[in-house]
Each structure stands twice: as C-alpha cells, then as structure tokens.
Amino acid sequence: MSRPTPDILSDAAQQKKSQSFFPTSVKSIQDSIIHHLMSFQGRDPERSGPADIYKALAFTLRDVMVEKWIKTQKTFYAKEKKRVYYLSLEFLIGRSLGNSIINLGLFDEIKEAVEGLGYSMEEVREQEEDAALGNGGLGRLAACFMDSIATLKIPAYGYGIRYEYGLFNQQLINGYQVESPDNWLRYGSPWEFERTLPVFTIQFYGKVSTYQDDKGCYRSKWIDTKDVMAMPCDILVPGYKNDHVINMRLWAARASRELDLTHFGEGDYIGAVQQKVSSETISKVLYPPDHNYAGQELRLRQQYFFVAATFQDIMRRYKKKNDTFDKFPDRVAVQLNDTHPAIAIPELMRILLDLEGLGWEKAWDICTRTFAYTNHTLMPEALERWSVEMIGKVLPRHLQIIYEINQRFLDLVAQQYPGDMEKLSRMSIIEEGYPKKVRMAFLAIVGSHSVNGVAALHTQLLKDRIFKDFDQFYPDKINSKTNGITPRRWLLKANPQLSELINSKIGTGWEVDLDRLRELEPYAEDQDFRDRFMEIKLNNKQKLVDYIGLSTGVDVSAETMFDVQVKRIHEYKRQLLNALHVIHLYHKFVTEPEVNLAPRSIIFAGKAAPSYWRAKLIIKLINSIGDVVNHDPRIGDRLRVVFLPNYNVSQAELIIPAADLSEQISTAGTEASGTGNMKFALNGALTIGTLDGANIEIREEVGEDNIFIFGLDADEAEFERIHNSKTPAQICKENGEVAQIMESLSDGTFSRGDRNLFKPLVDSLMSPHDQYLLIRDLESYLECQNHVNEVFIDTELWARKAILNVARMGKFSTDRTIRQYSNEIWGIKV
C-alpha cells in the first residue's frame, strides 16, 4: 500500500482546517468532551466521573491549542524570526486547566458546558495534579515568563526536564515534615505531547582523542561514551486571547537500549535492565540530594542532559534555513535561568569547534553574542561550583574547553591588571584548592553578553559585592530586570470576584496592561467600593477557612486578621522571626487580655529541603507553638497558628487572595527579589517587610504609608555582621519582652518540657555570629507589628491602603519584565 504524498497530506490538512473543530459553543464543547471520553479514554459517558471529565476537557482544550500552535510555528519559519530559548532546570507550572480556559477566552462557555453535563467546575478542576517541576520562586517565575512570552507573541521556547517525580509531597506527622514521592504523572498528563521525533543521543563519560582533519588542523573527538536518549515532551502555553501558542519542551531520559541481551541470555535478568534503569534515572527526580558525590554527579548529568538535548534541537531548527553560522546570534538568543544551565556555554563551543570545524575566535564570538545569564541569588552557597575531578569524569571534553576559556579570559585580565595575582585568583573560573572547583557563575558571566539581577537592590549588590571584580572588568554587562508575576493567573484566575469588581469600574484590558490599575486609585475613597472590596476579601477568607478546617482540623475565624507567610522554609527567609512574634502575641493575649489587639490567624506554609535539618526543626517549632496556642482556653479564638501541609501553586492561589498581611521579612541583602510579595499586594494584602529584594520597589510604587517596613537595611546588616554593635545577649538584657520570648522558647513551654528539642534554634538565635540577625531585628519587628495592629483595627483605613496596593502594582507584571528582556537583551523589539 503506497503512502500518501505530501500534496495529499496538505489537502487533508486544508480540509481539516476548513472543518476546524474549535469548540467555542456550549454544545460543541460538550460534544468534544463526549468524543474524548469515548475515543481517547474508552469511557462510557454515562459511567464517567469528574476525573474522566477533567481529562476529556483537557484534551478538548489541547485540540484548540495545537491548531493555534501549528499556525504560530509557521509564522516563525515564514518570517525567519529570531527565536529565544529559555533554559531553566525548573518550571513550577501548577495546574494548567484554569489558566488555559482563561487565556483561550472560553471560561463562560466551558463552565456552562461542564455544568450541563452534571459537574461543577470546581470538582473538575480539583482532579488535576499540580505539576511541581520546580522548588519555588525560580521555577514559578519561569512559568510566569512563558505566559507573558506567549501573550506578547515573542518567538520563544522554554526548555527543561520532564521530571517523573516533582518536588516531594509534604506530610506533617507529629509536627515534623515527612517527605513522600510526588508521582504527578502516575495517571499521565493530558497536556503533554510525547514526541517520538526528534530523539537525541546524549553522551557522558568516555575520553577525548585528537586527530588531524583534511585541512591539517588538529581537532578533538569525544569517544567511548555512555549514551542516553533524550525524548521531547511538549506542553503548550497559550497567550491571552491572541491565538498565539508556544511550547515548553521538557526532556525525558530514555535508555539507548531497552535490554542488554547479553546479560539476559546469561540469565542475569537484573543486569539486563540495569543500564535502562540507570539511564532513565536522569529525569526521575527534581533535585536529587546533593550532599554526597552520587547526588552531585546525578545533578551535573541532569544539567548537561537537558542542555545538550536543547542544543541539538536548536541546531536542527537553525540548519533548516542556514548553511553557515554567520547568522547564529541573529537568529538564536539563549537565556540561562540561573547557573544550572551554564554548562551550555562549553557545550556550544564543543559543537562549533569539534563538530562544525570553526576556529576558536569565531566560535567564542558566536557564543558570547548568543548567551545571556540571569542570576537569582545572593547566597554564596547557591552559586554552583562543581569539582574539576567530577566534570573531568562525566564531561571530559567540556573540562578541556572550560580550562581554555579560563586561560584566555585570565590573559585578558592580566593585560588590564598586570601583576595583580590576587585579582586573577578571585576572577578565575577555576577555584584553586582541594578539591579544585569550577565556578559555574563565573563561567556564565564570561560566556554571556548580558548578566542581569532580578531587582534593583539585588543587581546593585551583585555589582558591589558578589561580582565586583567582574563589574569593573565588564562595566556595562550587569543590568537589572526586576521580576514580575502574570496577572492572568495571579489575579484574573486566583481572584475572580476582585477581577469582576475591577472590570465593573475600569473595564477590561488591564489583564494585558496592568498599569491601568492606577485608574482604581480614586475608588479608595468610595465607601461602596471599599465595602465591596472588603466583602470579597471576607469571601476569600471563608474559602480558606474551609480549606484549613479540612486539611488541618484547626478552627479559624474569617473575621480575624489573616497574617500569612508562605514560601520555601529557609533561615534567611526568617520564618523563625515570625514564630518569635507569635510567642510574643501569645504572651500578650494571656497576660494582658484587656489590651486592644486585633484577633489574628497566623498562617504558614512551605517546604524545607529534605536534608536541611535546621529548617525542618523550624517547621516543628511552628507546629509545636500551634499545638499550645490553639488549645489554650484563656485566649479563645483570638489567636490561631496554622501550618498548611504540602504547599504548592494551587494552594497559593487559594491563600493569597485571602491574606490581609503579607510577611516578607528576609534579612536585608539576602533575598534576590521575591515574587510572593507582588502576588499578595496585587490581591490587596499589605506587606510587612524589610528593605530587601523587590520590597524596596514595592514601597516606591505603593507609597511609604501603605507598607510596613522594619529592620536593618542591607548596608546596616553587613555592618552588624562585621562589628556586632549589639549582641543578642545584650538585647535580651535590655528588652524584657525579647527576654521573655527566648525564655519560653528555652524552657520547654512549646516542647512539653523538653529543653533540648529546640536548643539548636535557641543557640543560633543567641549566637553573636547569627548571620541572619534575627534578635537584632526582633525589636524593630515587634514595634512594626504593633503599628500593623493599630492600622488593622481602623477598618476603613486598612481598606484604603489595601485598595491602593492593588492599584499601584502595575510595574510588577511579567509582561513589563519580558518586554525589557526582549528589547534590551534578546534584541527583539516588542
């Protein structure tokens, strides 16, 4: 039987196009759901449940998106547009259903269609697993960026890893965090396309040989490698009501051979599949534990795996229209999301040198004009460094290239700073010592034409402290691109009632032009608007109350102040400082019941890294404080402490619209930007925070009167670390309230008399060398919280401030951020 010719296929596509099944009416959406129930899932519609309906609806939306995606891709090729490749080891996607419905502009029709089939949208939405392919802000930012890139119609792709197991599930057992696997793919995902083509071979280990090519030039060849196959899985991302759909391409590892038949024939059945299991481990788990050598090696292999697959894909696409590499930087922009993909720099050099035969100077020029690097951290331990020995073992050719990059770079430094050996040592990509290490951030800086921080303060600290030598050497390279959030997910989807209220006053369009929220400012003085605004806040709080009751059993009143800190648990984010304030409030409610304190429900959520024992002890402390506070009849329901387990994107969409107070209390100079601060303010929460990260820019936008700032600034914090003008012991001696808090923490009040349980936390708090300066900032924090209490009691004043926070958050849309990246880094005018 002969295959159909391309003409026949084209005709068939045209016929399909003319019959294009864009289910936009209620009836056509229902017909499509029934069709997918039967043909894709083999389900009897009369015996289907919410999970079946969810999948059928997802397939229906995917049908709509794939047609738009094909059209989008064709325009990229037809106009030979420059394309952006956004490389990120994390994409914290969350759920896709609600976002897709909103961006496709089909919410009302789909809601009516689903309800017409006998289901509620809420129960259908709850069937979807969160795709937790990220750890926190870094991965969520990447997902927000994809939404804005699609909305702004930028020719771009997101590249990462399709982890079989995402960030772990968190249970709280006796107050302790207990991790279990997050098998988000156990029932498959209706959103992804598993591609059989293109599948690429990824090399590891082996050795490097040299040979003379036909032009007499010496070339290198990477041989005797162990190979793994990279299979692409595409997830479609629709722009907001613009028919533009892009894709994230996530790579899954597959064995180069399913079975080793030699072992199988010898009866070694385990050995026969061992290679397959070992190969596919690469894409099994997000963030393998890296406190041992095996975990570090797997992490390096993950990073190279997705980078190498991505560059083979980039080359495949580029070579369709180009025979030389002269136009490569004019057609390709690669953004490195933190240091994780930095191995891409020697990988592109390897391709250009070894496979394409270019000379070093031309290859390096192409490389540096192609790459841009985003730094996301001020924490020295988070700037990745891999041992030279390990890179030499796993990626021997890349280590040679890194050494050559470093030597040529240091030659340039030496020319500019002759005789300054200390500067050469500080700036070297290779860190001397035992063991020798490769500083991946330095590699990313040297190999990129742009290095950006993610907030104004963060960028200044990069220039002044972390990368000071590099800023002097490359004076125009480091720039600032303040982070943002997508208003489609974080207001339109997460807070539909507030979105409707906004629409009723300023109309639509703010979803893609967030600066228009400024038009709400006059309504802060409108009594009816304030009443409705606070009524919506109360409704959102009641939804969260119901969720808290179901998930924790704690009885919370929606009439209390919802004081919220939800984020990754880390010492620098200072959940412990918040816990100290809870102890202080508890003392006040018990010993001074006549004081006019607003009732509070203090809500925590977040995960600690499995090997981060001190962060896990902080979780235990918070839960232990809750056990005491929540069961003390002397304070009734005036104070509650809640730790919500298994924090994820979907939970955030429930918590954030309900918050009154947003805790952004990291030690000044430690948080790069933060994006939770933006989400809370956009939904009408007031911020209590330090002058850290994007808090500074939020203060500039909302006004000093509409945010609560306390504590040391970044310069003062650095001064205190060095000079220690006031020790924790001195502060306790001078301040009876602080001393009382520390005594309760020490004497077993919250540990059933066990004085040793929280002793590590007490010792770190009382240490004069506490780098996070908790006790140093505690006095200011308590004073600021008193001010929060005074303002909250004045409900009209609080409402005005909350409305102005919403109205003045226009700057913090990822649409603005991505425009800046596109215009100023990628060279694509938007």
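**Entry 1. Terms and ground rules**

I count two strands as paired if DSSP finds at least two bridges between them. Strands (E, at least two residues) and helices (H or I, at least four residues) are DSSP runs, numbered from the N terminus. The model is predicted, so I note that local features need pLDDT of at least 70 and side-chain atom pairs count only at pLDDT 80 or more, while totals for chains, interfaces and linings use all residues. Residues are numbered from 1 along each chain as its sequence is written, and side-chain values use heavy atoms, with hydrogens and water left out.

**Entry 2. Strand β13 and its partners**

I looked up β13 and its partner strands. Four bridges join β13 to strand β14 (residues 371-374), and the two run parallel. Within that pairing, valine 334 stands opposite phenylalanine 371 of β14. I also found strand β1 (residues 83-87) paired with β13 in the parallel sense, over five bridges. There, valine 334 in β13 is the bridge partner of tyrosine 85.

Next I checked how covered β13 is. Buried means under 20% relative accessible area, exposed means over 50%, and partly exposed lies in between (1.4 Å probe, protein chains only). Six of the six residues of β13 (residues 332-337) are buried. In a regular strand the side chains alternate between the two faces of the sheet. In β13, Val332, Val334 and Leu336 point one way, Ala333, Gln335 and Asn337 point the other way, and all are buried.

**Entry 3. A sheet of three strands**

I then went to an open sheet of three strands, with the order β15-β17-β16 and antiparallel pairing. β15 (385-387) and β16 (430-431) stand at the edges with a single partner strand each, so one side of each has no neighbour in the sheet. β15 pairs with strand β17 (residues 437-439) over three bridges, in the antiparallel sense. I noted serine 387 opposite lysine 437 in β17.

**Entry 4. A sheet of six strands**

Another open sheet has six strands in the order β22-β21-β20-β23-β24-β25, and the pairing is parallel. Its edge strands are β22 (639-644) and β25 (708-709), each pairing on one side only. I followed β20 to strand β21 (residues 600-605): six bridges join the two, which run parallel. Valine 564 stands opposite isoleucine 603 in β21.

**Entry 5. Helices α32 and α33**

Two packed helices are described by the angle between their axes and the distance between the axes. Axes here are lines fitted to C-alpha atoms, for helices over the stretch in contact, and angles run from 0 to 180 degrees between N-to-C directions. I found that the axes of helix α32 (residues 774-793) and helix α33 (residues 795-807) come within 5 Å and cross at roughly 105 degrees. That makes α32 roughly perpendicular to α33 (under 35 degrees counts as roughly parallel, over 145 as roughly antiparallel, 65 to 115 as roughly perpendicular and the rest as oblique).

Contact means heavy atoms within 4.5 Å. On the α32 side, Val788, Val791, Phe792 and Ile793 meet Thr795, Leu797, Trp798 and Lys801 of α33. I sorted the residues of this contact into six nonpolar, one polar and one charged.

**Entry 6. Backbone details**

Where are the cis peptide bonds I looked up? One runs from leucine 197 to proline 198, with omega near -5 degrees. Proline 198 is in the loop between β7 (192-194) and β8 (200-204). Another joins tyrosine 434 and proline 435, with omega about -5 degrees. Proline 435 is in the loop between β16 and β17.

I checked positive phi values in residues other than glycine. Aspartate 224 has phi near 55 degrees and is placed in the loop between β10 (218-223) and β11 (226-238). Arginine 574 has phi near 60 degrees and is found in the loop between β20 (561-566) and α23 (575-591). Is aspartate 224 buried or exposed? At 54% relative accessibility, aspartate 224 counts as exposed. Arginine 574, at 1%, counts as buried.

**Entry 7. Cysteines**

A disulfide is a covalent bond between the sulfur atoms of two cysteines. I used the rule that a disulfide is a pair of cysteine sulfur atoms within 2.5 Å, and the count came to zero disulfides. Cysteine 144 counts as buried at 1% relative accessibility, and cysteine 217 counts as partly exposed at 39%.

Terms used
Nonpolar A, V, L, I, M, F, W, Y, C, P; charged D, E, K, R; others polar.
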